[in-house]
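Subject: Structure handover

Hi,

Here is the structure I promised to pass on.

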Amino acid sequence: MDESPMDESPIDESPERPVTTTLEEALALHQFEMTKATRHKLRRWCELLWEANQRMNLTRHTDWSTFVGRDLTDVLELSKLLDEGLQVLDIGSGGGVPGLVLAIVRPDLDISVCDSVGKKAEVLKSFCETLQLPVTVFHERAESVLKQYAFDCCVARAVGPMWKMLTWLDGRWADARVLYTFKGPRWREELTEAKERGLTKRLVATPVARYPLHSTDPNAPPIESFIIRVMRDKG
């Protein structure tokens with residue numbers, strides 16, 4: 001599996017972040033500009049997610065600082081990589097990151113999400129109905145969805161190591177096309193493990209985004225985060 005080089009200079013560490021008590025404060029801290037309608041839907045989604053989180057484990061990010069500094073930052077970095085109108089499948093969406101958040105900030109995209117856990121899929125459907133998001137929710141494993149439908153790209157966040165995701169997509173690249181996955185500094189080690197399992201033949205992996213992601217501890221230094229694009233080698 002080939003890898004394109006990326007600047008390896010250290011990421012600048014941000015100063016300590018003040019605790020934010022509203023979505024608007026957190027957005028301002030990160031210099032994210034959103035329309036009023038988008039802010040309203042993001043706020044409502046967080047409220048729904050955090051309420052449901054009291055009944056089942058959906059997220060550890062239950063304050064505005066962490067939501068914007070982790071979840072929204074990831075989604076906005078991913079958004080920069082996606083052309084208008086793409087059909088996107090979020091694999092193992094859990095509580096809706098990145099899929100539902102991406103649907104809120106990029107309504108031009110055709111978003112589908114899947115989760116093999118029935119209760120989580122039902123919660124995702126209820127979120128979409130309440131927020132009137134035109135998102136298709138599958139209560140199926142990614143492999144099953146890709147046997148029935150084709151997408152322009154798949155996205156995955158916090159669903160497991162690289163080898164596991166490539167196992168799900170093995171033999172289904174004609175339907176998945178491209179995978180964008182969020183990884184930390186150990187992404188190369190994960191790819192090596194996938195290669196040792198024979199899952200990277202005729203694939204090319206490229207780090208297409210590198211950015212600081214804030215820790216859940218507001219006073220901790222940023223975490224080096226990457227978005228890795230995996231696709232079939234066209235050579």
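Let me begin with Leu203, which is buried, with a relative accessible area of 6% (buried means under 20% relative accessible area, exposed over 50%, partly exposed in between, with a 1.4 Å probe and protein chains only). Leu203 sits in strand S7 (residues 203-213); helices (H or I, at least four residues) and strands (E, at least two) are DSSP runs, numbered from the N terminus. Along the chain Leu203 and Arg232 are 29 residues apart, yet their C-alpha atoms are separated by 4.4 Å.

A word on the ground rules. This is a predicted model, so local features need pLDDT of at least 70 and side-chain atom pairs count only at pLDDT 80 or more, while totals for chains, interfaces and linings use all residues. Residues are numbered from 1 along each chain as its sequence is written, and side-chain values use heavy atoms, with hydrogens and water left out.

Now the overall picture. The protein chain has nine helices and eight strands, and 51% of its 235 residues count as buried. Taking contacts (heavy atoms within 4.5 Å) with a separation of 6 or more, 69% are between residues 24 or more positions apart.

On to the helices. H3 (residues 64-79) bends by about 35° at Leu72; the bend at a residue is the angle between axes fitted to the seven residues ending there and the seven starting there. Since 16 of the 16 residues of H3 are buried, this helix is largely enclosed by the rest of the structure. Where H3 starts, a side-chain oxygen of Asp63 comes within 3.1 Å of the backbone nitrogen of Ser65.

H2 (residues 36-53) and H5 (residues 118-131) have axes that come within 11 Å and cross at roughly 150°. Axes here are lines fitted to C-alpha atoms, for helices over the stretch in contact, with angles from 0 to 180 degrees between N-to-C directions. On the H2 side the contact is made by Lys41, Arg44, Trp45, Leu48, Leu49 and Ala52, and on the H5 side by Val123, Phe127, Thr130 and Leu131. That gives seven nonpolar, one polar and two charged residues (Ala, Val, Leu, Ile, Met, Phe, Trp, Tyr, Cys and Pro count as nonpolar, Asp, Glu, Lys and Arg as charged, and the others, Gly among them, as polar).

- Phe182 is in strand S6 (residues 178-183) and is buried, at 8% relative accessible area. Beyond four places in sequence, Phe182 touches residues including Asp74, Leu78, Tyr211 and Phe226.
- Cys114 belongs to strand S3 (residues 110-114) and counts as buried at 2% relative accessibility. Cys114 and Thr136 are 22 residues apart in sequence and 8.4 Å apart in space, C-alpha to C-alpha.
- Glu190, in helix H9 (residues 187-196), counts as buried because its relative accessibility is 16%. Its side chain makes a polar contact of 2.8 Å with that of Lys183; a polar contact is a pair of N or O atoms within 3.5 Å, where within protein one must be able to donate a hydrogen and the other to accept it, and residues adjacent in sequence count only if both atoms are side-chain atoms. Leaving out residues up to four places away, Glu190 touches Gly160, Pro161, Met162 and Lys183.

Cheers
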